[in-house]
Amino acid sequence: MASTIRVRATSNGDITEVQALIQHPMDSGFIKDAKGELIPAHFIQELKFEYNGKDVFVADWGPAVSKDPYVKFSFKGAKKGDEIKISWVDNKGASDTTTAKIS
Amino acid sequence: MSKTTGKPFQLALVLLSIAATPAFAATEADYKAAYAAAEAASKEAVALRHQWTTTVSTLSAAKKAADSGDFDRATAAAKEAEALAKASIYQATSEKEAWKAMEIR
Amino acid sequence: MKPRLAILLGSVAAVLTALVAASPRVVAADKVDPAADAKAFQNFFFQKFPKLKPEEFVNGPYSMDEGLKRQWQEKEEFPPYEFALDAGKEMFATPFKNGKTYADCFANGGIGIRQNYPYFDTREGKVITLELAVNRCREANGEAPYSYVKDEMASLTAYMAFTSRGKPFDIKIPDDPRALEAFENGKRYFYTRRGQMNFSCASCHVQSPGERIRAEILAPALGILNAMPIYRSEWSGMGTTSRRFVTCNSQTRAVPLEPQSDEYRDVEYFLSYVSNGLPISGPGARP
């Protein structure tokens with residue numbers, strides 16, 4: 001299985017812009033399936049971007065975030081060629097991690 | 001004199017009772033007749049590939065009301081479903097030619 | 001008396017001129033001429049939106065609204081259909097149980113062929129869409145068919161469309177009266193009002209592209225299928241042309257037809273043909 005996380009990080013020398021797309025159902029727990037039964041809540045609780053072992057972006061998410069969420073942010077202090085680490089944990093304890101090189 | 005003034009009054013009474021009858025006395029037989037008519041019209045609309053979603057939902061509302069014994073509501077819903085189905089049949093028939101008015105040429 | 005007669009004569013003359021003016025149109029309407037129809041269809045949109053280049057119509061609502069277009073361009077850097085596209089690519093390459101692949105079923109190994117679908121099969125006398133061809137390929141190889149509206153089918157055709165991006169729609173109408181009939185039926189379906197709302201496809205996508213319907217901006221009918229399949233945010237997922245037809249129908253309160261019914265195939269044939277020459281842009285992303 002391919003990673004559930006897609007990342008692109010680009011630096012203009014000063015500011016690094018990070019974009020990420022995460023594959024996750026993000027079920028709110030309020031939606032019914034075709035049989036009329038509630039689909040249990042299943043969502044990412046924490047999304048974290050690390051650079052050099054330091055958190056640069058941490059999101060505490062809940063059931064209101066849409067399916068396959070997309071995130072974009074920028075930070076200062078990184079160089080081209082450096083790596084950032086991205087990870088998420090959901091309410092069922094599942095998680096995924098990946099790294100990306102800043103270009 | 002008394003005869004001529006009495007007649008319209010009697011007529012009005014008769015009319016009033018006809019108009020008022022379904023409002024307080026729909027029977028299961030009334031419902032069945034109304035439902036059968038609605039179902040027939042609805043089937044015709046399906047055959048023409050012009051069925052409306054509202055016909056389907058109103059028909060099932062009629063059935064549901066009848067199942068709970070409310071024949072007033074069931075009969076009214078069945079009549080509404082029939083009217084909807086007939087309107088969709090009219091749409092299908094008139095559109096056989098009318099669609100050309102919208103065509104880009 | 002005299003003025004009345006003059007009015008009468010005048011109105012007779014008016015009726016006569018109206019008849020004379022109308023008669024060539026009546027004749028034209030009864031003759032099926034797909035090439036002339038396509039030309040008129042494209043000209044209508046080119047004149048309605050003189051600032052747009054022909055190839056921009058395939059971007060649907062984004063060609064109609066500057067703000068929406070900017071949002072979309074940013075989104076396209078990280079398109080929401082990317083996961084489906086990857087899944088489709090993997091599915092396309094994975095052999096069936098009998099060892100064969102999709103590539104064995106299609107011309108050019110299934111790569112870069114989206115612009116030729118739907119086509120008219122003169123042996124069968126029917127319109128064949130890409131989704132139908134995919135399921136026939138599966139069944140011929142002993143695999144269960146996919147749902148025509150979403151999931152695997154949408155992922156697979158997303159990949160097939162992706163390999164065809166930029167290629168102009170090249171739908172052919174063979175010299176066969178049944179093909180002309182399919183085109184004509186599709187055209188009639190497109191313009192026929194249905195549902196309690198009394199809407200035809202054209203009510204939204206010919207008369208009102210660029211206008212809002214609730215929060216959405218309506219796409220022009222020209223080029224609308226070039227972007228299929230699409231990821232719709234409203235669906236939180238991918239959908240095929242069939243899925244779009246089904247939802248369009250139910251939004252006008254008409255009971256939808258079965259996906260890949262003759263009517264849907266014919267209207268896809270008509271709509272694709274009149275967009276001939278415009279590039280494939282699928283898979284697309286729509287609000």
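Student: In what sense do β6(A) and strand β7 (residues 95-101) of chain A pair, and over how many bridges?
Tutor: Strands are DSSP runs of E, at least two residues long, and helices are runs of H or I, at least four long, each numbered from the N terminus. Two strands pair if DSSP finds at least two bridges between them. β6(A) and β7(A) pair in the antiparallel sense, and the count is seven bridges.

Student: Which pLDDT do local features need in this predicted model?
Tutor: Residues are numbered from 1 along each chain as its sequence is written, while chains are lettered from A and ligands numbered from 1 in the order in which they are written. The model is predicted: totals for chains, interfaces and linings use all residues, side-chain atom pairs count only at pLDDT 80 or more, and local features need pLDDT of at least 70.

Student: Which residue in the turn of the β6(A) and β7(A) hairpin has a positive phi?
Tutor: Four residues lie between the two strands of this hairpin. One of the turn residues has phi at about 90°, and that residue is A:Gly93.

Student: Is A:Asp68 buried or exposed?
Tutor: A:Asp68 sits in the loop between β4 (54-60) and β5 (70-76) of chain A. Its phi is positive, about 45°, although it is not a glycine. The C-beta count within 10 Å decides: 20 or more others is buried, 12 or fewer is exposed, and in between is partly exposed, with C-beta atoms placed from the backbone. A:Asp68 has 21 such neighbours, so the class is buried.

Student: How does B:Arg49 count, with 16 C-beta neighbours inside 10 Å?
Tutor: B:Arg49 is in the loop between α2 and α3 of chain B. Its phi is also positive, near 60°, in a residue other than glycine. With 16 C-beta neighbours inside 10 Å, B:Arg49 counts as partly exposed.

Student: How many helices does chain B have?
Tutor: Chain B has zero strands. Along the sequence the pattern reads α-α-α-α. The helix total is four.

Student: Are α2(B) and α3(B) roughly parallel or antiparallel to each other?
Tutor: Axes are lines fitted to C-alpha atoms, for helices over the stretch in contact, and angles run from 0 to 180 degrees between N-to-C directions. Under 35 degrees counts as roughly parallel, over 145 as roughly antiparallel, 65 to 115 as roughly perpendicular, and the rest as oblique. α2(B) (residues 28-47) and α3(B) pack at about 160°, with axes 11 Å apart. The two are therefore roughly antiparallel.

Student: What handedness has the crossing of α2(B) and α4(B)?
Tutor: These axes come within 8 Å and cross at roughly 20°. That makes α2(B) roughly parallel to α4(B). A crossing is left-handed if the near helix is turned anticlockwise from the far one by less than a right angle, and right-handed if clockwise. Here it is left-handed.

Student: Which helix gives the largest share of the side of chain B that touches chain C?
Tutor: Two residues are in contact if their C-beta atoms, placed from the backbone, lie within 7 Å. The contact takes 15 residues from chain B and 23 residues from chain C. On the chain B side, α3 (53-67) and α4 (71-98) each supply at least two residues. The largest share, three residues, comes from α3(B).

Student: How many charged residues has the side of chain C that touches chain A?
Tutor: Ala, Val, Leu, Ile, Met, Phe, Trp, Tyr, Cys and Pro count as nonpolar, Asp, Glu, Lys and Arg as charged, and the others, Gly among them, as polar. The contact takes seven residues from chain C and 10 residues from chain A. By class, the chain C side has three nonpolar and one polar, and its charged count is three.

Student: With which residues is C:Phe162 in contact, leaving aside its neighbours within four places in sequence?
Tutor: C:Phe162 lies in helix α6 (residues 151-162) of chain C. C:Phe162 is buried because 20 other C-beta atoms lie within 10 Å. Beyond four places in sequence, its contacts are C:Leu85 and C:Pro283.

Student: What is omega for the peptide bond from C:Gly282 to C:Pro283?
Tutor: C:Pro283 is in the loop between α10 (262-273) and β7 (284-286) of chain C. The bond is cis, with omega near -5°.
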